[in-house]
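Subject: Handover of a structure

Dear colleague,

Please find the sequence and structure below. My notes on what was found follow directly after them.

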Amino acid sequence: MRAWRRFRHHPPALVGLGIIVTFLVLAFAAPLISPYDPNAQDLSAAIQGPSGSHWLGTDQLGRDIATRLMYGTRVSLLIGVLAVAIGLLVGVPLGVVAGYYGGWADMAVSRFADMLFAFTSILLALTLVAVLGVSLQNVIIAVGISVVPVIVRLVRSSVLSLREEPFVEAARGLGASDLRIIVRHVFRNALTPVLVHATLSIGVSILLAAGLGFLGLGVQSPTAEWGTMLGEGRQFIFSAPHLTAFPGIAIFLAILAFNLLGDGLRDALDPRMSTADRPTG
Amino acid sequence: MKGTAAHIVRTLLLSLVTLFGVSVLIFLMLRVLPGDPARVLAGLDASAEQVDRIRAELGLDEPLLSQYWAFISGVLQGDLGVSARTSRPVALEIFARMPATLTLAVVATVIGSVVGVAAGVVAAVRRNSVVDHVISSVAMMGVSMPVYWLGLLLILLFAVTLGWLPAAGSDEPLSIVLPAATLGAFSTALVSRMTRASMLEVLGQDFIRTAQAKGAPPRTVIIRHGLRNAFIPILTVISLQFGALLGGAVLTETVFGWPGIGRLLVDSIAARDFAVVQGLVLVYALLFVLLNVFVDVLYVVVDPRIRY
(Lines give C-alpha, C1' and ligand atoms only; values in the text may rest on other atoms or scores of the structure.)
Protein backbone atom coordinates (compact mmCIF):
# COMPACT_ATOMS: atom_id res chain seq x y z
CA MET A 1 0.00 0.00 0.00
CA ARG A 2 2.86 2.30 0.80
CA ALA A 3 4.21 1.43 -2.63
CA TRP A 4 0.94 2.49 -4.26
CA ARG A 5 1.02 5.80 -2.38
CA ARG A 6 4.57 6.45 -3.57
CA PHE A 7 3.58 5.46 -7.08
CA ARG A 8 0.56 7.77 -7.03
CA HIS A 9 2.77 10.70 -6.13
CA HIS A 10 5.15 10.03 -8.98
CA PRO A 11 3.79 12.17 -11.84
CA PRO A 12 6.06 10.78 -14.59
CA ALA A 13 4.98 7.22 -13.78
CA LEU A 14 1.33 8.25 -13.93
CA VAL A 15 1.95 9.87 -17.31
CA GLY A 16 3.51 6.61 -18.48
CA LEU A 17 0.59 4.58 -17.21
CA GLY A 18 -1.82 7.03 -18.85
CA ILE A 19 -0.12 6.65 -22.23
CA ILE A 20 -0.21 2.85 -21.97
CA VAL A 21 -3.90 2.84 -21.03
CA THR A 22 -4.63 5.17 -23.95
CA PHE A 23 -2.79 2.84 -26.32
CA LEU A 24 -4.72 -0.14 -24.95
CA VAL A 25 -8.04 1.63 -25.46
CA LEU A 26 -7.08 2.63 -29.01
CA ALA A 27 -5.94 -0.91 -29.77
CA PHE A 28 -9.12 -2.56 -28.56
CA ALA A 29 -11.56 0.09 -29.72
CA ALA A 30 -9.95 0.63 -33.12
CA PRO A 31 -12.94 -0.79 -35.07
CA LEU A 32 -15.30 1.44 -33.07
CA ILE A 33 -13.27 4.61 -33.48
CA SER A 34 -12.28 4.32 -37.11
CA PRO A 35 -14.64 3.76 -40.04
CA TYR A 36 -11.75 2.44 -42.15
CA ASP A 37 -10.31 -1.00 -42.72
CA PRO A 38 -6.56 -0.85 -41.88
CA ASN A 39 -5.65 -2.70 -45.06
CA ALA A 40 -8.21 -1.19 -47.45
CA GLN A 41 -6.37 0.46 -50.31
CA ASP A 42 -7.68 3.51 -52.12
CA LEU A 43 -5.12 4.55 -54.68
CA SER A 44 -7.17 7.61 -55.64
CA ALA A 45 -6.57 8.90 -52.11
CA ALA A 46 -2.85 7.98 -51.84
CA ILE A 47 -0.43 10.15 -49.84
CA GLN A 48 -2.79 12.77 -48.51
CA GLY A 49 -1.88 15.03 -45.64
CA PRO A 50 -3.93 15.09 -42.44
CA SER A 51 -7.53 16.18 -43.05
CA GLY A 52 -11.01 15.93 -41.57
CA SER A 53 -11.71 12.54 -43.10
CA HIS A 54 -8.18 11.19 -42.60
CA TRP A 55 -6.93 12.61 -39.30
CA LEU A 56 -3.32 11.61 -39.86
CA GLY A 57 -3.51 11.43 -43.66
CA THR A 58 -3.11 8.41 -45.93
CA ASP A 59 -0.11 6.34 -47.00
CA GLN A 60 1.28 5.42 -50.43
CA LEU A 61 -1.58 2.95 -50.98
CA GLY A 62 -4.28 5.30 -49.74
CA ARG A 63 -4.70 3.49 -46.44
CA ASP A 64 -5.77 5.55 -43.43
CA ILE A 65 -2.65 6.10 -41.30
CA ALA A 66 -4.52 6.71 -38.03
CA THR A 67 -6.40 3.43 -38.43
CA ARG A 68 -3.22 1.53 -39.25
CA LEU A 69 -1.48 3.00 -36.22
CA MET A 70 -4.35 1.92 -33.96
CA TYR A 71 -4.30 -1.63 -35.31
CA GLY A 72 -0.49 -1.52 -35.19
CA THR A 73 -0.76 -0.88 -31.44
CA ARG A 74 -2.17 -4.39 -31.07
CA VAL A 75 0.82 -5.89 -32.87
CA SER A 76 3.44 -3.87 -30.99
CA LEU A 77 1.93 -4.46 -27.54
CA LEU A 78 1.47 -8.16 -28.32
CA ILE A 79 5.11 -8.47 -29.36
CA GLY A 80 6.30 -6.51 -26.33
CA VAL A 81 4.29 -8.52 -23.79
CA LEU A 82 4.84 -11.97 -25.31
CA ALA A 83 8.56 -11.41 -25.91
CA VAL A 84 9.01 -10.42 -22.27
CA ALA A 85 6.91 -13.43 -21.22
CA ILE A 86 9.32 -15.69 -23.14
CA GLY A 87 12.25 -13.88 -21.55
CA LEU A 88 10.79 -14.44 -18.08
CA LEU A 89 9.75 -18.06 -18.66
CA VAL A 90 13.24 -19.01 -19.79
CA GLY A 91 15.31 -16.47 -17.88
CA VAL A 92 13.83 -16.67 -14.37
CA PRO A 93 14.31 -20.44 -13.82
CA LEU A 94 17.83 -20.29 -15.28
CA GLY A 95 18.74 -17.30 -13.12
CA VAL A 96 17.33 -18.91 -9.98
CA VAL A 97 19.20 -22.16 -10.56
CA ALA A 98 22.46 -20.32 -11.28
CA GLY A 99 22.18 -18.02 -8.29
CA TYR A 100 20.86 -20.56 -5.78
CA TYR A 101 22.97 -23.60 -6.55
CA GLY A 102 26.14 -21.90 -7.79
CA GLY A 103 28.99 -24.16 -8.88
CA TRP A 104 28.71 -25.86 -12.24
CA ALA A 105 25.09 -24.89 -12.74
CA ASP A 106 26.05 -21.24 -12.33
CA MET A 107 29.05 -21.67 -14.62
CA ALA A 108 26.94 -23.21 -17.37
CA VAL A 109 24.05 -20.75 -17.12
CA SER A 110 26.34 -17.73 -16.90
CA ARG A 111 28.32 -18.77 -19.98
CA PHE A 112 25.04 -19.30 -21.83
CA ALA A 113 23.94 -15.78 -20.89
CA ASP A 114 27.36 -14.35 -21.85
CA MET A 115 27.03 -16.05 -25.19
CA LEU A 116 23.64 -14.51 -25.90
CA PHE A 117 24.99 -11.14 -24.74
CA ALA A 118 27.96 -11.42 -27.06
CA PHE A 119 25.52 -11.83 -29.94
CA THR A 120 24.03 -8.41 -28.98
CA SER A 121 20.25 -8.27 -29.02
CA ILE A 122 19.73 -6.78 -32.47
CA LEU A 123 22.16 -9.19 -34.13
CA LEU A 124 20.60 -12.15 -32.37
CA ALA A 125 17.10 -11.09 -33.37
CA LEU A 126 18.14 -10.30 -36.96
CA THR A 127 19.93 -13.62 -37.41
CA LEU A 128 17.12 -15.64 -35.86
CA VAL A 129 14.51 -13.97 -38.04
CA ALA A 130 16.71 -14.43 -41.09
CA VAL A 131 17.08 -18.15 -40.38
CA LEU A 132 13.55 -18.87 -39.16
CA GLY A 133 11.84 -16.73 -41.77
CA VAL A 134 9.89 -13.53 -41.31
CA SER A 135 6.57 -13.80 -39.48
CA LEU A 136 4.89 -12.33 -36.41
CA GLN A 137 5.52 -15.55 -34.48
CA ASN A 138 9.22 -15.63 -35.34
CA VAL A 139 9.66 -11.95 -34.50
CA ILE A 140 8.19 -12.64 -31.05
CA ILE A 141 10.49 -15.65 -30.55
CA ALA A 142 13.56 -13.77 -31.75
CA VAL A 143 12.90 -10.70 -29.60
CA GLY A 144 11.96 -12.94 -26.65
CA ILE A 145 15.25 -14.82 -26.81
CA SER A 146 17.15 -11.55 -26.82
CA VAL A 147 15.42 -10.62 -23.54
CA VAL A 148 16.56 -13.87 -21.87
CA PRO A 149 20.19 -13.00 -20.96
CA VAL A 150 19.20 -9.72 -19.28
CA ILE A 151 16.67 -11.50 -17.05
CA VAL A 152 19.08 -14.34 -16.28
CA ARG A 153 21.78 -11.96 -15.02
CA LEU A 154 19.33 -9.88 -13.02
CA VAL A 155 17.66 -12.85 -11.31
CA ARG A 156 20.98 -14.58 -10.70
CA SER A 157 22.48 -11.61 -8.90
CA SER A 158 19.39 -11.00 -6.73
CA VAL A 159 19.17 -14.68 -5.79
CA LEU A 160 22.89 -14.76 -5.07
CA SER A 161 22.54 -12.06 -2.43
CA LEU A 162 19.24 -13.40 -1.07
CA ARG A 163 20.74 -16.85 -0.58
CA GLU A 164 22.86 -15.53 2.28
CA GLU A 165 20.00 -13.73 4.04
CA PRO A 166 19.21 -14.84 7.60
CA PHE A 167 15.61 -15.70 6.74
CA VAL A 168 16.77 -18.12 4.05
CA GLU A 169 19.20 -19.73 6.43
CA ALA A 170 16.44 -19.95 9.03
CA ALA A 171 14.16 -21.71 6.55
CA ARG A 172 16.97 -24.07 5.67
CA GLY A 173 17.61 -24.72 9.36
CA LEU A 174 13.96 -25.60 9.80
CA GLY A 175 14.40 -28.28 7.18
CA ALA A 176 12.57 -26.62 4.29
CA SER A 177 13.25 -28.19 0.90
CA ASP A 178 15.21 -26.27 -1.75
CA LEU A 179 12.08 -25.91 -3.85
CA ARG A 180 10.12 -24.47 -0.94
CA ILE A 181 12.91 -22.04 -0.04
CA ILE A 182 13.24 -20.93 -3.65
CA VAL A 183 9.53 -20.43 -4.25
CA ARG A 184 8.51 -19.06 -0.86
CA HIS A 185 11.50 -17.05 0.27
CA VAL A 186 13.95 -16.36 -2.50
CA PHE A 187 11.75 -15.81 -5.51
CA ARG A 188 9.24 -13.68 -3.68
CA ASN A 189 11.97 -11.28 -2.64
CA ALA A 190 13.60 -11.24 -6.05
CA LEU A 191 10.30 -10.28 -7.64
CA THR A 192 10.62 -6.50 -7.37
CA PRO A 193 13.67 -5.96 -9.58
CA VAL A 194 12.28 -8.53 -12.02
CA LEU A 195 8.97 -6.68 -12.25
CA VAL A 196 10.70 -3.34 -12.81
CA HIS A 197 12.96 -4.83 -15.43
CA ALA A 198 10.16 -6.67 -17.18
CA THR A 199 8.34 -3.35 -17.56
CA LEU A 200 11.39 -1.68 -19.07
CA SER A 201 11.95 -4.74 -21.27
CA ILE A 202 8.50 -4.40 -22.84
CA GLY A 203 9.60 -1.00 -24.16
CA VAL A 204 12.95 -2.36 -25.33
CA SER A 205 11.20 -5.27 -27.09
CA ILE A 206 8.78 -2.96 -28.89
CA LEU A 207 11.76 -0.87 -29.99
CA LEU A 208 13.67 -3.92 -31.22
CA ALA A 209 10.66 -5.35 -33.09
CA ALA A 210 10.00 -1.98 -34.70
CA GLY A 211 13.68 -1.86 -35.70
CA LEU A 212 13.30 -5.24 -37.41
CA GLY A 213 10.20 -3.92 -39.15
CA PHE A 214 12.06 -0.81 -40.24
CA LEU A 215 14.73 -3.01 -41.84
CA GLY A 216 12.01 -4.96 -43.64
CA LEU A 217 12.67 -8.03 -41.47
CA GLY A 218 9.81 -7.67 -39.03
CA VAL A 219 6.09 -8.21 -39.28
CA GLN A 220 5.32 -8.11 -42.98
CA SER A 221 2.93 -5.92 -44.94
CA PRO A 222 -0.02 -5.64 -45.22
CA THR A 223 -0.23 -6.21 -41.44
CA ALA A 224 -0.05 -2.79 -39.86
CA GLU A 225 3.08 -2.60 -37.71
CA TRP A 226 4.70 0.66 -36.62
CA GLY A 227 8.29 -0.17 -37.61
CA THR A 228 7.26 -1.58 -40.99
CA MET A 229 5.11 1.50 -41.64
CA LEU A 230 8.08 3.72 -40.84
CA GLY A 231 10.41 1.70 -43.03
CA GLU A 232 8.02 1.75 -45.98
CA GLY A 233 7.26 5.43 -45.58
CA ARG A 234 10.95 6.24 -45.63
CA GLN A 235 11.13 6.51 -49.41
CA PHE A 236 8.59 9.34 -49.25
CA ILE A 237 10.46 11.19 -46.52
CA PHE A 238 11.08 14.28 -48.68
CA SER A 239 7.66 14.55 -50.29
CA ALA A 240 5.43 13.25 -47.51
CA PRO A 241 7.17 13.23 -44.13
CA HIS A 242 3.91 12.44 -42.32
CA LEU A 243 4.23 8.82 -43.49
CA THR A 244 7.23 8.42 -41.19
CA ALA A 245 6.45 11.08 -38.59
CA PHE A 246 3.32 9.51 -37.11
CA PRO A 247 4.57 5.91 -36.78
CA GLY A 248 7.75 7.37 -35.27
CA ILE A 249 5.75 9.30 -32.69
CA ALA A 250 3.78 6.15 -31.83
CA ILE A 251 6.95 4.08 -31.26
CA PHE A 252 8.55 6.89 -29.27
CA LEU A 253 5.48 7.36 -27.04
CA ALA A 254 5.14 3.63 -26.36
CA ILE A 255 8.77 3.26 -25.31
CA LEU A 256 8.68 6.48 -23.31
CA ALA A 257 5.58 5.21 -21.50
CA PHE A 258 7.18 1.92 -20.46
CA ASN A 259 10.39 3.71 -19.41
CA LEU A 260 8.43 6.18 -17.26
CA LEU A 261 6.35 3.39 -15.75
CA GLY A 262 9.42 1.26 -15.06
CA ASP A 263 11.23 4.17 -13.36
CA GLY A 264 8.12 4.89 -11.29
CA LEU A 265 7.70 1.26 -10.25
CA ARG A 266 11.32 1.09 -9.19
CA ASP A 267 11.02 4.21 -7.06
CA ALA A 268 7.73 3.02 -5.56
CA LEU A 269 8.53 -0.64 -4.91
CA ASP A 270 12.12 -0.40 -3.86
CA PRO A 271 13.26 2.99 -2.67
CA ARG A 272 16.73 1.56 -2.08
CA MET A 273 17.16 1.02 -5.81
CA SER A 274 15.99 4.53 -6.51
CA THR A 275 18.01 6.94 -8.57
CA ALA A 276 15.67 9.68 -7.47
CA ASP A 277 16.69 12.30 -5.02
CA ARG A 278 17.47 11.51 -1.47
CA PRO A 279 17.94 14.02 1.29
CA THR A 280 21.64 14.59 1.66
CA GLY A 281 23.78 15.27 4.72
CA MET B 1 48.61 -7.59 -7.81
CA LYS B 2 48.90 -11.36 -8.16
CA GLY B 3 45.17 -11.69 -7.57
CA THR B 4 44.51 -9.10 -10.25
CA ALA B 5 46.60 -10.93 -12.84
CA ALA B 6 44.84 -14.18 -12.01
CA HIS B 7 41.49 -12.46 -12.38
CA ILE B 8 42.38 -11.11 -15.81
CA VAL B 9 43.61 -14.52 -16.96
CA ARG B 10 40.34 -16.02 -15.69
CA THR B 11 38.31 -13.39 -17.57
CA LEU B 12 40.26 -14.13 -20.75
CA LEU B 13 39.65 -17.86 -20.41
CA LEU B 14 35.94 -17.35 -19.81
CA SER B 15 35.85 -15.09 -22.89
CA LEU B 16 37.31 -17.91 -24.95
CA VAL B 17 34.54 -20.19 -23.67
CA THR B 18 31.96 -17.56 -24.65
CA LEU B 19 33.44 -17.18 -28.12
CA PHE B 20 33.50 -20.95 -28.55
CA GLY B 21 29.82 -21.03 -27.54
CA VAL B 22 28.92 -18.31 -30.03
CA SER B 23 30.69 -20.20 -32.82
CA VAL B 24 28.77 -23.38 -31.96
CA LEU B 25 25.50 -21.47 -31.74
CA ILE B 26 25.79 -19.71 -35.09
CA PHE B 27 27.07 -22.94 -36.66
CA LEU B 28 24.04 -24.87 -35.43
CA MET B 29 21.59 -22.06 -36.21
CA LEU B 30 22.56 -22.14 -39.87
CA ARG B 31 22.76 -25.93 -40.17
CA VAL B 32 20.33 -27.65 -37.86
CA LEU B 33 17.36 -25.35 -38.35
CA PRO B 34 14.99 -26.30 -41.14
CA GLY B 35 16.17 -25.84 -44.70
CA ASP B 36 19.06 -27.05 -46.81
CA PRO B 37 22.23 -25.43 -45.44
CA ALA B 38 24.05 -25.77 -48.74
CA ARG B 39 21.26 -23.89 -50.46
CA VAL B 40 21.12 -21.36 -47.64
CA LEU B 41 24.86 -20.74 -47.66
CA ALA B 42 25.00 -20.63 -51.44
CA GLY B 43 22.25 -18.03 -51.59
CA LEU B 44 18.80 -18.38 -53.08
CA ASP B 45 19.84 -17.52 -56.63
CA ALA B 46 22.56 -20.15 -56.76
CA SER B 47 22.42 -22.80 -59.45
CA ALA B 48 22.08 -26.50 -58.58
CA GLU B 49 25.73 -26.86 -59.54
CA GLN B 50 26.86 -24.19 -57.09
CA VAL B 51 24.75 -25.75 -54.35
CA ASP B 52 26.33 -29.15 -54.99
CA ARG B 53 29.79 -27.60 -54.92
CA ILE B 54 29.09 -25.93 -51.56
CA ARG B 55 27.64 -29.15 -50.20
CA ALA B 56 30.85 -30.94 -51.15
CA GLU B 57 33.02 -28.10 -49.81
CA LEU B 58 31.21 -28.10 -46.49
CA GLY B 59 31.15 -31.86 -46.31
CA LEU B 60 27.49 -31.79 -45.36
CA ASP B 61 27.14 -35.56 -45.59
CA GLU B 62 29.73 -35.90 -42.83
CA PRO B 63 28.81 -35.94 -39.13
CA LEU B 64 28.11 -32.53 -37.53
CA LEU B 65 31.18 -32.78 -35.34
CA SER B 66 33.64 -33.08 -38.20
CA GLN B 67 31.74 -30.35 -40.04
CA TYR B 68 32.19 -28.07 -37.06
CA TRP B 69 35.86 -28.97 -36.86
CA ALA B 70 36.36 -28.02 -40.50
CA PHE B 71 34.46 -24.76 -39.93
CA ILE B 72 36.29 -23.69 -36.79
CA SER B 73 39.77 -24.59 -38.01
CA GLY B 74 39.04 -22.43 -41.04
CA VAL B 75 37.94 -19.57 -38.83
CA LEU B 76 41.06 -19.84 -36.68
CA GLN B 77 43.14 -19.47 -39.82
CA GLY B 78 41.20 -16.38 -40.81
CA ASP B 79 39.11 -18.20 -43.41
CA LEU B 80 35.46 -17.19 -42.96
CA GLY B 81 34.27 -18.65 -46.24
CA VAL B 82 33.23 -16.94 -49.46
CA SER B 83 30.41 -14.47 -49.96
CA ALA B 84 27.66 -15.81 -52.21
CA ARG B 85 26.82 -12.30 -53.33
CA THR B 86 30.26 -11.04 -54.34
CA SER B 87 32.27 -14.29 -54.49
CA ARG B 88 34.94 -12.53 -52.45
CA PRO B 89 36.33 -13.91 -49.17
CA VAL B 90 34.07 -12.97 -46.25
CA ALA B 91 37.04 -11.86 -44.15
CA LEU B 92 37.99 -9.32 -46.83
CA GLU B 93 34.43 -8.00 -47.10
CA ILE B 94 34.24 -7.47 -43.35
CA PHE B 95 37.73 -6.03 -43.08
CA ALA B 96 36.98 -3.48 -45.80
CA ARG B 97 33.87 -2.21 -43.99
CA MET B 98 35.21 -2.31 -40.46
CA PRO B 99 36.95 1.11 -40.32
CA ALA B 100 33.72 2.94 -41.26
CA THR B 101 31.78 1.35 -38.40
CA LEU B 102 34.57 1.77 -35.86
CA THR B 103 34.94 5.46 -36.79
CA LEU B 104 31.22 6.00 -36.40
CA ALA B 105 31.10 4.18 -33.05
CA VAL B 106 34.15 6.02 -31.69
CA VAL B 107 32.83 9.47 -32.65
CA ALA B 108 29.41 8.60 -31.21
CA THR B 109 31.04 7.38 -27.99
CA VAL B 110 33.06 10.60 -27.67
CA ILE B 111 29.88 12.65 -28.15
CA GLY B 112 28.03 10.49 -25.65
CA SER B 113 30.78 10.65 -23.04
CA VAL B 114 31.56 14.37 -23.22
CA VAL B 115 28.01 15.69 -23.52
CA GLY B 116 26.53 12.99 -21.29
CA VAL B 117 28.96 13.43 -18.40
CA ALA B 118 28.75 17.23 -18.58
CA ALA B 119 24.95 17.22 -18.62
CA GLY B 120 24.79 14.66 -15.82
CA VAL B 121 27.16 16.63 -13.60
CA VAL B 122 25.25 19.88 -14.14
CA ALA B 123 21.93 18.13 -13.41
CA ALA B 124 23.30 16.61 -10.21
CA VAL B 125 24.90 19.81 -8.94
CA ARG B 126 21.80 21.87 -9.70
CA ARG B 127 19.49 19.18 -8.38
CA ASN B 128 15.75 19.94 -8.65
CA SER B 129 16.39 23.21 -10.50
CA VAL B 130 14.82 24.02 -13.84
CA VAL B 131 18.09 23.07 -15.53
CA ASP B 132 17.98 19.65 -13.87
CA HIS B 133 14.39 19.04 -14.92
CA VAL B 134 15.13 20.03 -18.50
CA ILE B 135 18.23 17.82 -18.69
CA SER B 136 16.46 14.87 -17.06
CA SER B 137 13.44 15.19 -19.35
CA VAL B 138 15.57 15.43 -22.48
CA ALA B 139 17.58 12.41 -21.31
CA MET B 140 14.38 10.43 -20.72
CA MET B 141 13.23 11.29 -24.24
CA GLY B 142 16.68 10.39 -25.55
CA VAL B 143 16.57 6.85 -24.19
CA SER B 144 13.07 6.38 -25.61
CA MET B 145 13.83 7.61 -29.12
CA PRO B 146 14.06 5.02 -31.91
CA VAL B 147 17.47 5.67 -33.44
CA TYR B 148 16.25 5.32 -37.06
CA TRP B 149 13.46 7.81 -36.49
CA LEU B 150 15.81 10.33 -34.92
CA GLY B 151 18.06 9.85 -37.93
CA LEU B 152 15.22 10.60 -40.34
CA LEU B 153 14.21 13.68 -38.33
CA LEU B 154 17.79 14.98 -38.35
CA ILE B 155 18.01 14.40 -42.12
CA LEU B 156 14.77 16.35 -42.60
CA LEU B 157 15.97 19.25 -40.47
CA PHE B 158 19.67 19.60 -41.27
CA ALA B 159 19.92 18.16 -44.78
CA VAL B 160 16.56 18.92 -46.38
CA THR B 161 15.25 22.06 -44.66
CA LEU B 162 18.47 23.84 -43.70
CA GLY B 163 20.78 22.20 -46.23
CA TRP B 164 23.74 22.42 -43.85
CA LEU B 165 24.85 18.81 -43.89
CA PRO B 166 24.86 15.91 -46.35
CA ALA B 167 21.89 13.55 -45.89
CA ALA B 168 23.63 10.29 -46.69
CA GLY B 169 26.80 8.60 -47.85
CA SER B 170 30.33 9.05 -46.59
CA ASP B 171 32.01 11.04 -49.35
CA GLU B 172 32.39 14.37 -47.55
CA PRO B 173 34.13 15.00 -44.23
CA LEU B 174 30.89 16.43 -42.82
CA SER B 175 29.00 13.25 -43.75
CA ILE B 176 29.79 11.72 -40.39
CA VAL B 177 28.09 14.47 -38.36
CA LEU B 178 24.47 13.32 -38.68
CA PRO B 179 25.04 9.57 -38.32
CA ALA B 180 27.38 10.07 -35.35
CA ALA B 181 24.96 12.48 -33.66
CA THR B 182 22.10 10.04 -34.24
CA LEU B 183 24.03 7.07 -32.93
CA GLY B 184 25.45 9.09 -30.03
CA ALA B 185 22.10 10.49 -28.88
CA PHE B 186 21.07 7.38 -26.99
CA SER B 187 24.48 7.06 -25.29
CA THR B 188 24.42 10.72 -24.37
CA ALA B 189 21.05 10.29 -22.70
CA LEU B 190 22.04 7.08 -20.94
CA VAL B 191 25.40 8.41 -19.76
CA SER B 192 23.84 11.62 -18.45
CA ARG B 193 21.25 9.65 -16.45
CA MET B 194 23.96 7.41 -15.01
CA THR B 195 26.25 10.35 -14.25
CA ARG B 196 23.49 12.24 -12.48
CA ALA B 197 22.55 9.25 -10.32
CA SER B 198 26.16 8.40 -9.54
CA MET B 199 27.07 12.03 -8.75
CA LEU B 200 24.07 12.44 -6.44
CA GLU B 201 25.22 9.39 -4.54
CA VAL B 202 28.78 10.71 -4.13
CA LEU B 203 27.82 14.33 -3.40
CA GLY B 204 25.85 13.10 -0.39
CA GLN B 205 28.96 11.61 1.21
CA ASP B 206 30.78 12.96 4.23
CA PHE B 207 34.06 13.64 2.47
CA ILE B 208 32.33 16.08 0.16
CA ARG B 209 31.10 18.05 3.16
CA THR B 210 34.59 17.91 4.61
CA ALA B 211 36.03 19.30 1.40
CA GLN B 212 33.45 22.06 1.34
CA ALA B 213 34.08 22.87 4.99
CA LYS B 214 37.79 23.12 4.27
CA GLY B 215 36.88 25.92 1.89
CA ALA B 216 37.80 24.11 -1.32
CA PRO B 217 36.41 25.93 -4.35
CA PRO B 218 33.13 24.38 -5.64
CA ARG B 219 34.74 23.42 -8.94
CA THR B 220 37.42 21.41 -7.14
CA VAL B 221 34.85 19.73 -4.94
CA ILE B 222 32.66 18.76 -7.88
CA ILE B 223 35.36 17.59 -10.24
CA ARG B 224 38.14 16.25 -8.02
CA HIS B 225 36.14 14.93 -5.12
CA GLY B 226 32.81 14.26 -6.78
CA LEU B 227 33.28 13.16 -10.38
CA ARG B 228 36.42 11.16 -9.71
CA ASN B 229 34.62 9.02 -7.20
CA ALA B 230 31.48 8.74 -9.27
CA PHE B 231 33.39 7.64 -12.32
CA ILE B 232 33.38 3.84 -12.10
CA PRO B 233 29.71 3.23 -12.94
CA ILE B 234 29.90 5.96 -15.58
CA LEU B 235 32.89 4.30 -17.16
CA THR B 236 31.08 0.96 -17.20
CA VAL B 237 28.12 2.44 -19.00
CA ILE B 238 30.33 4.22 -21.54
CA SER B 239 32.34 1.09 -22.33
CA LEU B 240 29.37 -1.24 -22.56
CA GLN B 241 27.56 1.39 -24.60
CA PHE B 242 30.36 1.20 -27.15
CA GLY B 243 29.44 -2.44 -27.71
CA ALA B 244 25.77 -1.54 -27.98
CA LEU B 245 26.70 1.16 -30.49
CA LEU B 246 28.36 -1.38 -32.76
CA GLY B 247 25.03 -3.23 -32.77
CA GLY B 248 22.96 -0.05 -33.00
CA ALA B 249 25.05 0.96 -35.99
CA VAL B 250 23.05 -1.61 -37.96
CA LEU B 251 20.06 0.75 -38.01
CA THR B 252 21.98 4.02 -38.21
CA GLU B 253 24.09 2.83 -41.11
CA THR B 254 20.96 1.76 -42.96
CA VAL B 255 19.31 5.16 -42.51
CA PHE B 256 22.37 7.11 -43.64
CA GLY B 257 23.76 4.70 -46.21
CA TRP B 258 26.97 4.54 -44.19
CA PRO B 259 29.24 1.82 -45.67
CA GLY B 260 30.02 -0.13 -42.49
CA ILE B 261 29.56 -3.68 -41.26
CA GLY B 262 26.04 -2.95 -39.97
CA ARG B 263 24.80 -2.25 -43.45
CA LEU B 264 26.78 -5.21 -44.76
CA LEU B 265 24.84 -7.38 -42.29
CA VAL B 266 21.44 -6.07 -43.38
CA ASP B 267 22.32 -6.38 -47.07
CA SER B 268 23.66 -9.91 -46.52
CA ILE B 269 20.53 -10.99 -44.66
CA ALA B 270 18.33 -9.52 -47.38
CA ALA B 271 20.38 -11.41 -50.00
CA ARG B 272 20.43 -14.51 -47.76
CA ASP B 273 24.22 -14.46 -47.98
CA PHE B 274 24.68 -16.52 -44.82
CA ALA B 275 28.43 -17.00 -45.06
CA VAL B 276 28.79 -13.26 -44.47
CA VAL B 277 26.15 -13.25 -41.70
CA GLN B 278 28.01 -16.07 -39.95
CA GLY B 279 31.32 -14.24 -40.24
CA LEU B 280 29.84 -10.97 -39.01
CA VAL B 281 28.27 -12.60 -35.96
CA LEU B 282 31.67 -14.03 -35.02
CA VAL B 283 33.42 -10.70 -35.54
CA TYR B 284 30.78 -8.83 -33.50
CA ALA B 285 31.08 -11.39 -30.70
CA LEU B 286 34.86 -11.07 -30.72
CA LEU B 287 34.65 -7.27 -30.46
CA PHE B 288 32.09 -7.52 -27.68
CA VAL B 289 34.13 -10.01 -25.67
CA LEU B 290 37.35 -8.01 -26.07
CA LEU B 291 35.48 -4.93 -24.89
CA ASN B 292 34.37 -6.72 -21.73
CA VAL B 293 37.92 -7.81 -20.97
CA PHE B 294 39.04 -4.22 -21.54
CA VAL B 295 36.40 -2.92 -19.10
CA ASP B 296 37.56 -5.44 -16.50
CA VAL B 297 41.16 -4.30 -16.79
CA LEU B 298 40.09 -0.67 -16.81
CA TYR B 299 38.41 -1.05 -13.42
CA VAL B 300 41.69 -2.01 -11.83
CA VAL B 301 43.55 0.83 -13.52
CA VAL B 302 40.99 3.52 -12.68
CA ASP B 303 40.10 2.51 -9.16
CA PRO B 304 43.04 1.49 -7.02
CA ARG B 305 40.60 0.16 -4.43
CA ILE B 306 39.60 -2.69 -6.75
CA ARG B 307 41.77 -5.76 -6.27
CA TYR B 308 40.74 -9.26 -7.10
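In this predicted model, 37 residues of chain A are in contact with 41 residues of chain B, where contact means that the C-beta atoms of two residues, placed from the backbone, lie within 7 Å. On the chain A side, helix 4 (103-119), helix 5 (121-132), helix 8 (178-214) and helix 10 (242-269) each supply at least two of the residues that touch chain B. Helix 5 of chain A gives the largest share, eight residues. By class, this side of chain A consists of 22 nonpolar, 10 polar and five charged residues. Here Ala, Val, Leu, Ile, Met, Phe, Trp, Tyr, Cys and Pro count as nonpolar, Asp, Glu, Lys and Arg as charged, and the others, Gly among them, as polar.

Two conventions apply throughout. Residues are numbered from 1 along each chain as its sequence is written, while chains are lettered from A and ligands numbered from 1 in the order in which they are written. As the model is predicted, local features need pLDDT of at least 70 and side-chain atom pairs count only at pLDDT 80 or more, whereas totals for chains, interfaces and linings use all residues.

Chain A

Chain A holds 10 helices and zero strands; both are DSSP runs, numbered from the N terminus (helices H or I, at least four residues; strands E, at least two). Its C-alpha atoms fill a box of roughly 75 × 45 × 35 Å along the principal axes. Of the 281 residues in chain A, 51% are buried. A residue is called buried if 20 or more other C-beta atoms lie within 10 Å of its own, exposed if 12 or fewer, and partly exposed in between, with C-beta atoms placed from the backbone.

Over residues 274-281 of chain A, pLDDT stays under 50.

Helix 6 of chain A (residues 136-162) has 27 residues and should span 39 Å at 1.5 Å a residue, which agrees with the 38 Å between its end C-alpha atoms; the expected span is 1.5 Å times one less than the number of residues. A kink of about 25° lies at V148(A), shortly before the proline P149(A), the bend being the angle between axes fitted to the seven residues ending there and the seven starting there. Helix 6 of chain A is mostly covered, with 21 of its 27 residues buried.

The nonpolar core

The largest nonpolar core has 166 residues, of which A125(A), L126(A), V143(A), V281(B) and A285(B) touch the most other members. Such a core is a set of buried Ala, Val, Leu, Ile, Met, Phe, Trp, Tyr and Cys residues joined through C-beta atoms within 7 Å. Beyond its neighbours within four places in sequence, A125(A) is in contact with A142(A), V143(A), S146(A), L208(A) and L212(A).

Chain B

Chain B has 12 helices and zero strands, and 42% of its 308 residues count as buried. One residue of helix 10 (residues 218-256) of chain B is E253(B), which is buried because 26 other C-beta atoms lie within 10 Å. Not counting residues up to four places away in sequence, E253(B) touches W258(B), G260(B), G262(B) and R263(B). The C-alpha atoms of E253(B) and T101(B) are 8.3 Å apart, although 152 residues separate the two along the chain.

How values were computed: pLDDT is the predictor's confidence in each residue, from 0 to 100.
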